[in-house]
Amino acid sequence: MKYRPSRRTRRFGIGAAAIIVVAGMNGPALYRFSSEKYHTYKINQPEYKAENGHWDVVNVPEEYRINTIHAALLHTGKVLLVAGSGNNAKNFAAKSFRSVLWDPEKNTYKNIPTPKDLFCAGHTQLPDGKLLVAGGTQRYEKLRGDVEKAGGLMFVHNENPDKPKTFPAGTRFTGKESGRTFESKDPVLVPRAKKTKSAKTGKVKVSPSTARVYVEALRKGKKYQTGTEDNFRIAGLKGKDKRNFYGIAQKLSFDKKDFQGIKEAYEFDPVAERYITVDPMNEARWYPTLTTLQDGRVLSVSGLDEIGQVVPGKNEIYNPKTKKWKYLKKKRFFPTYPALFLTDKGRIFYTGSNAGYGPDDKGRVPGVWDLKSNKFDVVPGISDPGLLETSMSVLLPPAQDQRYMVLGGGGVGEDSRATAKTRIVDLHASDPRFKDGPDLYAEARYPSSVVLPDDTVLTTNGSGDYRGRSDSNVLKAEIYDPRTNTSRSVADPLVGRNYHSGALLLPDGRVMTFGSDSLFSDKANTKPGEFQQQIDIYTPPYLYRDSRPKFTDTGPRTVRRGGTTTYATSRPSAIKKVRLIRPSSFTHVTNVEQRSIAVDFQRKKDGITVRLPRQSSLVPPGWYMLNAVDKEGTPSEAVWVKVPGGKAAKAKAKAKAEKGTGAGRN
């Protein structure tokens, strides 16, 4: 039987044909308008939100919009947004340094006086809830061709074993051979010379001490550069000092000058809402990683020093009790912003992720580092090992499993290559080795990953080329489930985000995303890019369900490791798991703070009793968000818990209580 279309079908076909004709006459613009309108309609449907989540733009008043480079969630529920000079050399020259405190719940803002240029600093949570911020920018880079004055590194020597000396900024050095004069840009302390006595002869040998300082010619022009090594007299010295103190420098030229770091360190007080000066680091650092250790002290690693070189493996530890820094006894080199996680055995796991500076053949192999012995056990098997720069690393939930994931990444420096690989390693395996997980949504540098309370991981954005070159921003997002080792796409982000972007979990279960610093704004790479100041909020699918667990007493509490506390909750029978989540501190594809810890609990008639894990290496001291998660995976809003340092409370888990009483850790 021959098919004959119905009258209704014929009418629809004629109408469709007319639309096609009109569309053809009006060109692609009508099609784009129609598709965009339909897309807006679709993503705002309840069914779509329940499956994919939803993005919203935060309404930030103009006076509080900054180039957010760093973001950290504080135990007050507010987020500290830090720009410093915001990768803007004009701001740096004007000493215009910015920090803004944002309250996501009330959407209120406050400008915070910022003492130094904290652009490209490191930061981490301290046991008392303050945020340690260390390092930053002393001088912006200058590319070859932009350098106006010859300059470079001056080694200042001291042959006096009895006298150190500080030379102020502006000290002049004149070459004995070249006759050219250079001026120091910063103060420099030269220690006293070292004395060593021979056990055989009894004679004392004096070895000169050295310190480094960056110097520049007094005037512009190629004729003021030097071509070879030279000895330099120091202006203003008299008597023996003229012999004991001198400079030696190699070529002082117009080569590219890298960023230079500072030693300054601060604690940001979330209650007083201000920066507090503490002792400076021993090393200047720009692009360092700060990792909190199991006793609450902080490890500071890598960065560019005061003359723009990667700190040569001289790592140090901050003690929040004394506010002082102390070198580790032995050196270990890492490229800048290395992803260094505290493991459950108190060692440091380096995933191989990093964000920039350093040779391509040194310090880039993943492994487990023992700080006491300085032993480094290589963890093999990572795919695309040459594409780990600007990759994201995350400790998969729950933290007890000690499984780590590395996502995306690119080649060293301005390499155009990127990868879609994800790599997973289980440090509890007898022979830990990376294995590939499901591919990311695209080949991407700078993806941002956030651990969610339901034990999944949201990853969003990135770019396919260095800093979004050639219009390569990726407007995609996905949620990874570690239990099934699968990923699924969710709602697309609203704007592209690459270099200087990030994301973190908020106490209400939503995710904020910030920043982006594209080199160019067009595919042809002819128009300079603008910093993305927009802040967005992603509401995950789990917040579009009919109900969610609720704590009815939400005040902050102090609970020791191994200790218990009871919360009144709605529908305790529906709670399936409880998670203790450390607040994030994110910059430059680096967030080694975030971890979600499974917590034992017992269901009561009107609530739950939770018992914190005992391990300090699993639960470093500090503030945490506590979430109850129901059987559908819907989390409660978090309540804040302070975990003090010291030994765990003496509390014994009762096997009987775990049987038939609703106790569990899932």
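A salt bridge is here a side-chain nitrogen of Lys or Arg within 4 Å of a carboxyl oxygen of Asp or Glu, and the structure, a predicted model, holds 34 of them.

**Figure 1. Salt bridges between distant parts of the chain.** The side chains of E51 and R488 form a salt bridge in which the closest N and O atoms are 3.5 Å apart. This pair links helix α3 (residues 46-52), which holds E51, to strand β37 (residues 486-489), which holds R488, across 437 residues of the chain. E51 counts as partly exposed, at 46% relative accessibility, and R488 likewise counts as partly exposed, at 34%. A further salt bridge joins K314 to E283, with the closest N and O atoms 3.0 Å apart. Here K314 belongs to the loop between β23 (298-301) and β24 (316-319), while E283 belongs to the loop between β21 and β22 (289-292), the two being 31 residues apart. K314 is partly exposed at 26% relative accessibility, whereas E283 is buried at 5%.

Figure 2. D455 lies in the loop between β34 (448-451) and β35 (457-460), and its phi is near 75 degrees, a positive value in a residue other than glycine. Most residues other than glycine have a negative phi. The side chain of D455 meets that of K577 in a salt bridge, at 3.2 Å from N to O.

**Figure 3. Strand β20 and its two neighbours.** Strand β20 (residues 265-269) is mostly covered, since five of its five residues are buried. A265, E267 and D269 point one way from the strand, Y266 and F268 point the other way, and all are buried. Strand β7 (residues 131-134) runs antiparallel to β20 and is joined to it by four bridges, with V133 having Y266 as its bridge partner in β20. β20 also pairs in the antiparallel sense with strand β21 (residues 274-278), over five bridges, and the bridge partner of F268 in β21 is Y275. In the hairpin of β20 and β21, four residues stand between the strands, and E273 takes a positive phi near 60 degrees. E273 is also linked with K78 and K110 in a network of salt bridges.

**Figure 4. The largest pocket.** This pocket has a volume of about 1200 Å³, and 48 residues line it, with N87, E141, L143, F259 and R467 lying nearest its centre. The elements that give two or more residues to its lining are α4 (89-93) and β16 (209-217), and the largest share, three residues, comes from α4. By class, the lining comprises 20 nonpolar, 10 polar and 18 charged residues.

**Figure 5. The second largest pocket.** The volume of this pocket is about 980 Å³, and of its 32 lining residues, P187, R212, K263, A284 and E306 are the closest to its centre. At least two lining residues are supplied by each of α4, β8 (137-139), β13 (188-190) and β16, and β16 gives the most, with five residues. The lining is made up of 15 nonpolar, six polar and 11 charged residues.

Figure 6. P635 lies in the loop between β47 (622-630) and β48 (639-643) and counts as buried, at 0% relative accessibility. Leaving aside residues up to four places away in sequence, P635 touches P453, Y542, R548, P549, N627, A628 and V629. The C-alpha atoms of P635 and I575 are separated by 9.1 Å, although these residues are 60 residues apart along the chain.

Figure 7. D384 is partly exposed, with a relative accessible area of 29%. The loop between β30 (392-395) and β31 (403-407) contains P398, and the peptide bond from P397 to P398 is cis, with omega near -10 degrees. Most peptide bonds are trans.

Technical notes
Residues are numbered from 1 along each chain as its sequence is written. This is a predicted model: local features need pLDDT of at least 70, side-chain atom pairs count only at pLDDT 80 or more; totals for chains, interfaces and linings use all residues. Side-chain values use heavy atoms; hydrogens and water are left out. On a 1 Å grid over the protein atoms alone, a cavity is a set of points where a 1.4 Å probe fits but cannot get out, and a pocket is an open set with protein on both sides within 12 Å along at least five of seven lines; lining residues have an atom within 4 Å of a point. Grid points are joined across faces, edges and corners, and a volume is the space filled by probe spheres set on the points. Ala, Val, Leu, Ile, Met, Phe, Trp, Tyr, Cys and Pro count as nonpolar, Asp, Glu, Lys and Arg as charged, and the others, Gly among them, as polar. Buried means under 20% relative accessible area, exposed over 50%, partly exposed in between (1.4 Å probe, protein chains only). Two strands pair if DSSP finds at least two bridges between them. Contact means heavy atoms within 4.5 Å.
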